[in-house]
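Please read the following briefing alongside the sequence and the structure shown here.

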Amino acid sequence: MSAVDLGMPSLPHAPRGVGHLRGDRSFPDAARESLRDGQLRANLGHATSTIRAKRKAVVDEVPDWAELREAGRAIKAATMARLDEHLVALEEQVTARGGTVHWARDAEEANEIVIRLVQATGTDEVVKVKSMATQEIGLNEALEAAGIAAHETDLAELIVQLGEDTPSHILVPAIHKNRAEIREIFLRTMPQFQEQGVDADLTDEPRRLAMAARAHLRERFLRARVAISGANFAVAETGTLAVVESEGNGRMCLTLPRTLITVMGIEKVVPTWRDLEVFLQLLPRSSTGERMNPYTSLWAGVTPGDGPQEFHLVLVDNGRTAVLADEVGRAALHCIRCSACLNVCPVYERAGGHAYGSVYPGPIGAVLSPQLTGVEDNASLPYASSLCGACYDVCPVAIDIPSILVHLRAEHVEAQERTTPEAVAFRALAKAMSTPRLWRLAQRAAGLGRLLSRGKPTLPAALPPPASKWTRTRDLPTPPRETFTQQWVRERGR
Amino acid sequence: MSAREEILGRIRTALGEHRAPVPDIVRGYRTADGRPTTELLDVLVDRLEDYKATVVRCLADEVAGTVATALQAALGAHSHGDVVVAPGLPAEWRPDGAVEDDGRPAVALAEHAATVTGVTVAVADTGTLVLDGSPRCGRRALSLLPDCLVCVVTSDQVVGGVPEGLARLDPRAPLTLISGPSATSDIELQRVEGVHGPRTLVVVLVT
Ligand code: SF4
């Protein structure tokens, strides 16, 4: 990290061995597998193009979108510039309204705190609202290891949990599953379909599947004593927490149990109540493409006679301060997790969320995950992009993801003394393209590639190494019989 | 060192000894609205209907009757006893036979078919109703558990955009922003109304 380069003490990254920020394979290896999955690509292509169109329509109808976006960016930058002061103010406000604030250096400590709080209530099960932070720290696994059952209540998260799967998209985590697969998971795992003689005429119509989930969770909501949530925003000035959702499962969790535990990354704080007037406009339109999401819950501490009577807020670092130390990379902490950048990314659309190996996929994942873990642990992610810039254009808080990617690549290359075949190839290519004679030679050599392709439109993946490293995830067009320059010379002379 | 001290220390290290000044925030977006009330009401109705909410307009002295008719349409003829209302709901808004929420356990609330509440503010541009836990709006569980929610909105409560809406709220109150009935698009992105929250939302707009 540049913090090291500047001679500053290095700040700890998210620890290994806990949570979901690292894949077990590199991005190219994982992506190769997804690329072979036609169903996945079809589902993803449909999903991303549908959400893209919806987002565009509702963003275009806002005349002051550019001003909102600029205000969103500026608020986040201002927040990071005084992050310590805002967190202290938030703690003071939450405490003054009857809540308790806990601080967790990393995933492990956060999990310990939550387990201790749940155990203190005497219960062995909790209901959960979809939350990126708790996925990041691997809370469900930690709870399970402590003998506490964690029930996901968001429909997509429920599908993922019952299917013993992992999420593939920030907003629609089960987007890689189609209705028939979901029906099969429900029939196999929901107790209501297990009893003998039960009428299992569940069709794969989305309405019927959603109603099955409603029936499955209704009683759990009513009996739950502890809920665990994340937070979209926390207002330092007033101690107000905000959760944005659609289904009402969030409201169930935030309202019915006696105890509420909210786990939040330290970067989610915003300084003032007014700041929400910006983000509550930017987020829903960018994320689901709606003017406003069906439900937003806001609360400050505890309200007697209304909702949970015990409230805990767990503030998690887990590598965020290391990101903050990098002046260029810091902007990745501005992310409000709308997922607009995933939906416009040509790499995400083809590779899918799982290939990124982290709970944060897509363009934002490519810049956030390696910074949280240290670039050496997610070394292939900064390359998981074509630098086309679409992510920057749609980002509601104007995070310049392509610039951060280039910055991280430079950092990675610097850190890595060893020369990869790819680096050699790129250096050679740059040289060839800058000299006309070499370029013509190279083109003639490429013509040889036609022999390898055996008349097919693309080159085979089975080029000998090291070229195979490049071609196995990329379809290279078969070089033409004749280059443009050759044709020009043949037809018109010099 | 406590985790708190350590994290705050890390932030101070990350930001460096000589901190850059806090960048300016330019709020160049719209914060006021010049549109007349009649226009705002039309926008609100359009947005609500777009979310599949049912909207009925009525005059101030017709509220109870309008609410009763709307409930009948949503629940069927013999539904009077099934309706629970917010404790501060004005008497002239209550349908016959409705019971008042007396703080009964949530399980008991879930047995009611419908709820009637007021709102604090309504945002036209986004079709959003805000409930703030005051006696007229009721506690949060009340507008959540029964399957049909009827909200009565008066025209003075309607503002144009989100900034004007938030400016009218108390950030310390338990707030629920409702924009249409509960919905999900998690299965092949097909929108399904009503998952855990009320499947039917009726808005009675008093003009
Ligand atoms: S980086 Fe920007 S576009 Fe991507 S999820 Fe975050 S806020 Fe949304």
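**Sheet, arginine and ligand shell**

Strand β6 (residues 240–245) of chain A and strand β9 (residues 295–300) of chain A run antiparallel and are joined by six bridges, strands being DSSP runs of E with at least two residues and helices runs of H or I with at least four, both numbered from the N terminus. This is a predicted model, in which local features need pLDDT of at least 70 and side-chain atom pairs count only at pLDDT 80 or more, while totals for chains, interfaces and linings use all residues. Residues are numbered from 1 along each chain as its sequence is written, chains are lettered from A and ligands numbered from 1 in the order written, and side-chain values use heavy atoms, leaving out hydrogens and water.

**Sheet**
- An open sheet of eight strands with mixed pairing has the order β8(A)-β5(A)-β6(A)-β9(A)-β9(B)-β6(B)-β5(B)-β8(B), where two strands pair if DSSP finds at least two bridges between them.
- Its edge strands, each pairing on one side only, are β8 (269–270) of chain A and β8 (158–159) of chain B.

**Arginine A:R320**
- A:R320, in helix α14 (residues 320–324) of chain A, counts as buried because its relative accessibility is 3%, the limit being under 20% with a 1.4 Å probe and protein chains only.

**Ligand**
- The residues around the ligand, with a heavy atom within 4 Å of it, include A:C335, A:R337 and A:C395.

**Confidence**
- The model scores ipTM 0.96 and pTM 0.87.

Definitions and conventions
Buried < 20%, exposed > 50% of the residue type's maximum accessible area, 1.4 Å probe, protein only.
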